[in-house]
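Reader: I'm new to this and would like to learn how to read a structure. Could we go through it together, one feature at a time?

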Amino acid sequence: MSGNQAINANRYVGQQANLQITHRGSDWYYTVCAMMGATTLIAMGLAFRRPQTHRLFHYLTASITAVACVSYFAMGSNLGQLPILVEFVRRRNRQVGSAGTREIFYARYIDWFITTPLLLLELLLTAGVPTPTILVTLFADVLMIVCGLIGALTQTRYKWGFWTFGMAALFFIAYELLYDARRHANVLGGDPKKTFWTCGIWLLLLWFLYPIAWGLSEGGNVIHPDSEAIFYGILDVLAKIGFAGLLLWGHRKTSPRNIGRNIIEPDQLFEKHGQDDGVTSQSGGAPSNISGSTAGAGHPTATPTQV
Ligand code: RET
């Protein structure tokens, strides 16, 4: 037998929904899987051409696309799914008339649970925002994804309650980016500011399309799981690969210092303190920061002026 056998091969792995992806949906998921895998390799290849201190965004990007690669492999193989009773049975609709139960990919939410905080982290690091702001924004993000997952696994109209909580979290994220992060990025100026603006607008425009895709697929059972695959697939390619391209290009000349991160090589540490003990003590006895988690020279987070 030739061609894509995934749906056949995995038909006894767990229960199957009446309405699920076809070979075409599976092919498309595998295509996105390959694109994510290729982007991971490219990001890693680009990382190795730069000094270790300048690889933060490359490593974050590669992690994001690597997770997506695995999740798309699962979905292409018709795995990481559950059949869920639909709230709206649309008997007369040729696309979704057979549901009954609809295939819900929880694999998608595991992917988003890991990767959306990393995407936001890239943007917030670009803007040089303080750690508490990063934490609260990432918290809102994981809450949003959990709401989406629970809603997708719910048959009754209560699913829309979870969708509403998720939307509230998304608006909070938008507020943090448009208000707090924007002010910090403007103080940084230069390439980080430009990159923040380009990537921030790109991210916000795309992220607001996800709840629409959800409403048409897991929520309202309006479109076929193959169309759901295309809708989410295009969004994920733009939100991960497109975003990565803009971000890595924007940061091609950025050094950690430009975004307030004091990341240095071990030999730089030696030069600075004349010792070779890894984590060298500073004059006051506090350990120096080689991980880059605290504000470095020129960190802008003190009091950004309103811009
Ligand atoms: C859900 C449903 C609940 C309400 C909201 C949602 C938003 C999801 C978003 C997902 C972004 C995913 C990305 C993936 C990248 O590959 C969970 C669909 C608001 C914004 C960027």
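Reader: Let's begin with Asn78: does Asn78 count as buried or exposed?

Author: A handy way to judge this is to count the C-beta atoms around a residue, where 20 or more within 10 Å means buried. Asn78 has 25 such neighbours inside 10 Å, so Asn78 counts as buried. Keep in mind that this is a predicted model. Asn78 sits in the loop that links helix 3 to strand 1. Its backbone has a positive phi of about 60°, although Asn78 is not a glycine.

Reader: What can you tell me about the phi of Asn221?

Author: Asn221 is not a glycine either, and Asn221 has a positive phi of about 55°. The loop in this case is the one between helix 8 and helix 9. With 23 C-beta neighbours inside 10 Å, Asn221 counts as buried.

Reader: Let's step back to the whole chain. How many helices and strands are there?

Author: The chain has 10 helices and 2 strands. Read from the N terminus, the order is α-α-α-β-β-α-α-α-α-α-α-α. Of its 307 residues, 39% count as buried. Contacts tell you about the fold too: among those between residues at least 6 apart in sequence, 77% join residues at least 24 apart.

Reader: How do I read the strands, and which way do strand 1 and strand 2 run?

Author: The general idea is that in a regular strand the side chains alternate between the two faces of the sheet. Here, strand 1 (residues 81–85) and strand 2 run antiparallel, joined by 5 bridges. One of the pairings is Leu85 with Thr101 in strand 2.

Reader: Why is strand 2 described as largely enclosed?

Author: Look at its burial: 4 of the 5 residues of strand 2 (residues 101–105) are buried, so the rest of the structure largely encloses this strand.

Reader: Now the helices. What span should helix 9 have, and does the model agree or disagree?

Author: An α-helix has 3.6 residues a turn, so residues three or four places apart point the same way. For length, the rule is 1.5 Å a residue, so the 26 residues of helix 9 should span 38 Å; the end C-alpha atoms of helix 9 are 36 Å apart, which agrees. The buried residues of helix 9 include Glu228, Tyr232, Asp236, Ala239 and Phe243. Among the elements that cover the buried residues of helix 9 are helix 2 (23–48), helix 3, strand 2 and helix 7 (190–207).

Reader: How many residues does helix 5 have, and how far does helix 5 reach?

Author: Helix 5 has 22 residues and reaches 32 Å from its first C-alpha to its last, close to the 32 Å expected. Its buried residues include Thr137, Asp141, Met144, Gly148 and Ala152. The cover over the buried residues of helix 5 includes strand 2, helix 4, helix 6 and helix 8.

Reader: Which residues come nearest to the ligand?

Author: Of the 21 residues around the ligand, Gly148, Gly166, Tyr210, Trp214 and Asp236 come nearest.

Reader: Let's finish with Gly190. Where is Gly190 found?

Author: Gly190 is in helix 7. With 12 C-beta neighbours inside 10 Å, Gly190 counts as exposed. Thr254 lies 64 residues from Gly190 along the chain, and their C-alpha atoms are separated by 9.4 Å.

How values were computed: Residues are numbered from 1 along each chain as its sequence is written. This is a predicted model: local features need pLDDT of at least 70, side-chain atom pairs count only at pLDDT 80 or more; totals for chains, interfaces and linings use all residues. Two strands pair if DSSP finds at least two bridges between them. A residue is near a molecule or strand if its C-beta atom, placed from the backbone, lies within 6 Å of it. Two residues are in contact if their C-beta atoms, placed from the backbone, lie within 7 Å. The expected span of a helix is 1.5 Å times one less than its number of residues.
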